[in-house]
Amino acid sequence: MSEIVNRVANSPIVTIDLENFYQKGERVQFDLAPFLYQGLVVKELDFRQSMKELDWSVYSGKLVAVHCSADAIIPTWALMLAVVNLQEVAKDVVIGDLKELEIHLMAGALKNLDVEGLRDRPVVIKGCSKLPVPDYAYGEVIRLILPVVKNIMFGEPCSTVPVYKRPREKKI
């Protein structure tokens with residue numbers, strides 16, 4: 001009787017699980033709508049006063065997306081003022097919605113990907129995840145690894161879909 005060999009475990013294939021780049025932390029939104037005059041406009045003096053009086057500590061250690069849910073034209077400085085206040089307490093802050101926050105967080109995390117360690121190797125980008133991985137992350141990881149990898153597959157190591165295969169060099 002021959003020994004059972006796990007060919008997947010013994011292969012040179014590297015699996016990238018984007019879920020490992022997911023930043024843990026509570027995600028919340030800071031909505032400017034409650035600070036608008038008559039729900040329509042930013043009155044500078046009132047807005048600045050409201051920002052001074054706000055208890056920013058409720059955002060301590062959180063991942064915050066600054067946005068406005070009202071259909072109003074918000075001056076950029078108002079968004080920036082909220083970020084200034086949140087920057088002191090929040091774990092991270094971005095102007096935009098929760099989707100843009102996820103993209104921002106994933107972009108920061110993918111900067112730590114060891115691309116050089118993938119040189120000339122086959123790579124599987126894991127497809128299933130329990131955490132919400134934005135589509136952006138799949139495109140960004142491709143952009144980062146494409147120049148160095150041998151090939152790219154998507155899915156699970158036991159069942160993959162080919163995405164890219166480096167062309168063979170022509171012999172002269």
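Here is a walk through this predicted model, from its overall layout down to single residues. Local features are taken only where pLDDT is at least 70 and side-chain atom pairs only at pLDDT 80 or more, while totals for chains, interfaces and linings use all residues. Residues are numbered from 1 along each chain as its sequence is written, and side-chain values use heavy atoms, with hydrogens and water left out.

Let's start with the overall layout. The protein has 5 helices and 7 strands, where helices (H or I, at least four residues) and strands (E, at least two) are DSSP runs numbered from the N terminus. Read from that end, the order is α-β-β-α-β-α-β-α-β-α-β-β. The radius of gyration is 23 Å, well over the 16 Å that the globule rule gives for 172 residues, so the protein is more spread out than a compact globule. (That radius is taken over C-alpha atoms, and the rule is 2.2 Å times the number of residues to the power 0.38.) Along its principal axes, the C-alpha trace spans about 80 × 45 × 25 Å.

Of the 172 residues, 37% count as buried; here buried means under 20% relative accessible area, exposed means over 50%, and partly exposed is in between, with a 1.4 Å probe and protein chains only. As for contacts (heavy atoms within 4.5 Å), take those between residues at least 6 apart in sequence: 77% of them join residues at least 24 apart.

Now for the inside. In soluble globular proteins, nonpolar side chains tend to be buried together. A nonpolar core here is a set of buried Ala, Val, Leu, Ile, Met, Phe, Trp, Tyr and Cys residues joined through side-chain atoms within 4.5 Å. The largest one has 22 residues, and those with the most contacts inside it are Phe30, Phe47, Val64, Val66, Ile74 and Leu86. Strand 2, helix 2, strand 3 (63-67) and helix 3 (76-87) each give two or more residues to this core, with the largest share, 6 residues, coming from helix 3. Leaving out residues up to four places away in sequence, Val64 touches a list of partners that includes Val28, Phe30, Tyr59, Leu86 and Leu101. There is also a second, separate core of 19 residues, with Ile16, Met106, Val141 and Val148 among them.

Helix 3 is also where you'll find Leu81, which counts as buried at 19% relative accessibility. Beyond its neighbours up to four places away in sequence, Leu81 touches Phe47, Arg48 and Met51.

The whole structure holds 7 aromatic pairs. Rings of Phe, Tyr and Trp (its six-membered ring) pair if their centres lie within 6.5 Å; planes under 30 degrees apart count as stacked, over 60 as edge-to-face and the rest as tilted. Phe35 and Phe47 make an edge-to-face pair, 6.4 Å centre to centre with 90° between the planes. This pair links distant parts of the chain, 12 residues apart: Phe35 is in the loop between strand 2 (27-31) and helix 2 (44-53), and Phe47 is in helix 2. Phe47 is buried, at a relative accessible area of 1%. The rings of Trp56 and Tyr59 have centres 6.2 Å apart and planes at 45°, so that pair is tilted. Trp56 is buried at 9%, and Tyr59 is buried at 15%. These residues belong to one aromatic cluster made of Phe30, Phe35, Phe47, Trp56, Tyr59 and Trp77.

Over at helix 5 (residues 135-145), the buried residues are Ala137, Tyr138, Glu140, Val141 and Ile145. They pack against strand 1 (14-16), helix 4, strand 5 (122-126) and strand 6 (151-156). Helix 4 (residues 98-110) contains Glu102, which counts as buried at 14% relative accessibility. Apart from neighbours within four places in sequence, Glu102 is in contact with Tyr22, Arg27, Pro132 and Pro134.

Most residues other than glycine have a negative phi. Gln38, though not a glycine, has a positive phi of about 50°; this residue lies in the loop between strand 2 and helix 2 and is exposed at 62%. Asp120 also has a positive phi, near 60°. Asp120 lies in the loop between helix 4 and strand 5 and counts as partly exposed at 46% relative accessibility.
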